[in-house]
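Hi,

Here is the structure I promised to pass on.

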Amino acid sequence: MEQILKVENINVYYGAIHAIKGISFHVDQGEVVTLIGANGAGKSTTLQTISGLLRSRTGSIEFCGENISITPSHKIVEKGLAQVPEGRRIFLQMSVQENLEMGAYTQRGTGIEADMERVFQQFPRLKERRRQIAGTLSGGEQQMLAMGRALMSHPKLLMLDEPSMGLAPILVEQIFDIIRQLHKDGTTILLVEQNAQMALSVADRAYVMETGKISLSGTGAELAASDQVKKAYLGG
Amino acid sequence: MEFLSYLISGISLGSVYAIIALGYTMVYGIAKMLNFAHGDVIMVGGYISLLSMSSLGLPWPLAVILAMLVCTVLGVVIEGLAYKPLRSAPSLAVLITAIGVSYFLQNAALLLWGASPKAYTPIIAGSVKLFEGQLSISYVSILTVFMCIVIMIALTLFTGKTRMGKAMRACSEDKAAAQLMGINVNRTISMTFAIGSALAAIAGVLLCSSYTSLMPTTGSMPGIKAFTAAVFGGIGSIPGALLGGVLLGIIESLAKAYISTQLANSIVFAVLIITLLVRPAGLLGKYVPEKV
């Protein structure tokens, strides 16, 4: 399998706080990989570092064989690495359609209309609300918009940061169905979740993060069966 | 008839404030900073246009374009040298830097062009006379209002329809999310300064044409008033800048005419304070409620 993302020995600090302590992992082409762990374990920090919003003091991040550890954020997106950030972070004062257009910012020329149609097929609710201001959408709709927006950039790797956060159980199911569908369509996904059970059910492989380090790794099924994970994250 | 004449001069003055306020409001919207040097860019625009007409003998449209070019470059350079290194600094540091840049520009103008006021020939002379000469409106006033409307429409289309304009709105809402879309935030901020400064140059020409004099501190009072107008209308809002600017101009003009020339400025600022007490976000400033 070709490695699409290879993170090696990154160390990230917030001022004096050592948030990520020398972690390494990789994502292969076509896989769904999940990073699970408690609040404050450093999952989101890891994604932000991969996206270039934060910088590692050491090591390297390779995307499609190219070192991107000092590439500016906006160039990383151009290379095909999209992130759906924690808390969705859609543009609340812009319309649904404008949000999707921003997702296609790196896509020059035509094809944007067709891409938007594809997103609307995946998320029919967004089509109904295409002219509506995004701030008036419900939480679930906002999450769908955030995912649709990221898909507009034709990502080779899609990173999702806590897509289930703050959503009703039925919407969580729906979001994970979409993740399964994207996986089936061949999208490579790096998923960060606190909802370990759901995350492990869709993941090919998983890493468990604890206080800035990776403490366990294995296939989704292996970790779901592991006593350690059960105890810590799956409620016994 | 007298009232109408004061009203028209207020609208014209207000249009200049509105054009300046647009610069404040756009920069605030995107960089979340108050660029107090904006007023002084107006003054530079005034000098450049004056010198290119009087010393270089350029016709006024060329002089205006030259002033816009110089101010655009100046705005981008100021942003790059003074504000960009402070991107992650506390906002107070940026504010003080902006005040510093303002003094720097005023003193540089003092060195280059001297302290004494220079006479500024209006770019178009004359006026239309209406109602058998009872009401006279200068061509400069008409041009000012016209320019203000054109600029408003152009900016509304730019931010609403173009890729770059939408990217600006995205940056003004959430810079990190904008970066995750592939938007170059630094370039977008520079672009905003470029547009704001080009508008400042136009405002400089119009302002000097109606006051017919120019000195290094010319920009500071209109700058502060336009800032007031931007807050009054709702900072960050483009229609707010227009409404705030025009209302402020009318209030100032009517206060001068009917209450007191000395008190006019106090009245203007009193109106601002009262408005903000009632509507802290300004007249058109609004918060879109966020559903979670």
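This is a predicted model: local features need pLDDT of at least 70, side-chain atom pairs count only at pLDDT 80 or more; totals for chains, interfaces and linings use all residues.

Let's start with where the two chains meet. Chain A puts 27 residues into the contact and chain B puts in 19. On the chain B side, α6 (163-173) and α7 (175-180) each supply at least two of the residues that touch chain A. The biggest giver there is α6(B), with five residues. If you sort that side of chain B by class, you get 10 nonpolar, six charged and three polar residues.

Next, the inside. The largest nonpolar core has 155 residues, and the members that touch the most others in it are B:I19 and B:I202. Helix α1 of chain B (residues 2-31) provides the largest share of this core, 16 residues. And what does B:I19 contact, once its neighbours within four places in sequence are left aside? The list is B:M147, B:C148, B:I151, B:L199, B:I202 and B:A203.

While you're in chain B, look at the helix pair α10 (residues 238-258) and α11 (residues 264-278). Their axes come within 9 Å and cross at roughly 140 degrees, so α10(B) and α11(B) count as oblique to each other. The crossing of α10(B) past α11(B) is right-handed. From α10(B), the contact uses B:L248, B:I251, B:E252, B:A255 and B:K256, while α11(B) brings B:A264, B:I267, B:V268 and B:V271. By class that makes seven nonpolar residues, two charged and no polar ones.

After α1(A) comes A:G52, and its phi is positive, near 85 degrees.

The other is A:T219, which sits in strand β10 (residues 213-219) of chain A. Is A:T219 exposed, partly exposed or buried? It is partly exposed, because 13 other C-beta atoms lie within 10 Å. Leaving aside neighbours within four places in sequence, A:T219 has contacts with A:D204 and A:R205. A:D204 is 15 residues away from A:T219 along the chain, yet their C-alpha atoms are separated by 5.6 Å.

Cheers

How values were computed. Residues are numbered from 1 along each chain as its sequence is written. Chains are lettered from A and ligands numbered from 1 in the order in which they are written. Two residues are in contact if their C-beta atoms, placed from the backbone, lie within 7 Å. Helices (H or I, at least four residues) and strands (E, at least two) are DSSP runs, numbered from the N terminus. Ala, Val, Leu, Ile, Met, Phe, Trp, Tyr, Cys and Pro count as nonpolar, Asp, Glu, Lys and Arg as charged, and the others, Gly among them, as polar. A nonpolar core is a set of buried Ala, Val, Leu, Ile, Met, Phe, Trp, Tyr and Cys residues joined through C-beta atoms within 7 Å. A residue is buried if 20 or more other C-beta atoms lie within 10 Å of its own, exposed if 12 or fewer, and partly exposed in between; C-beta atoms are placed from the backbone. Axes are lines fitted to C-alpha atoms, for helices over the stretch in contact, and angles run from 0 to 180 degrees between N-to-C directions. Angles under 35 degrees count as roughly parallel, over 145 as roughly antiparallel, 65 to 115 as roughly perpendicular and the rest as oblique. A crossing is left-handed if the near helix is turned anticlockwise from the far one by less than a right angle, and right-handed if clockwise.
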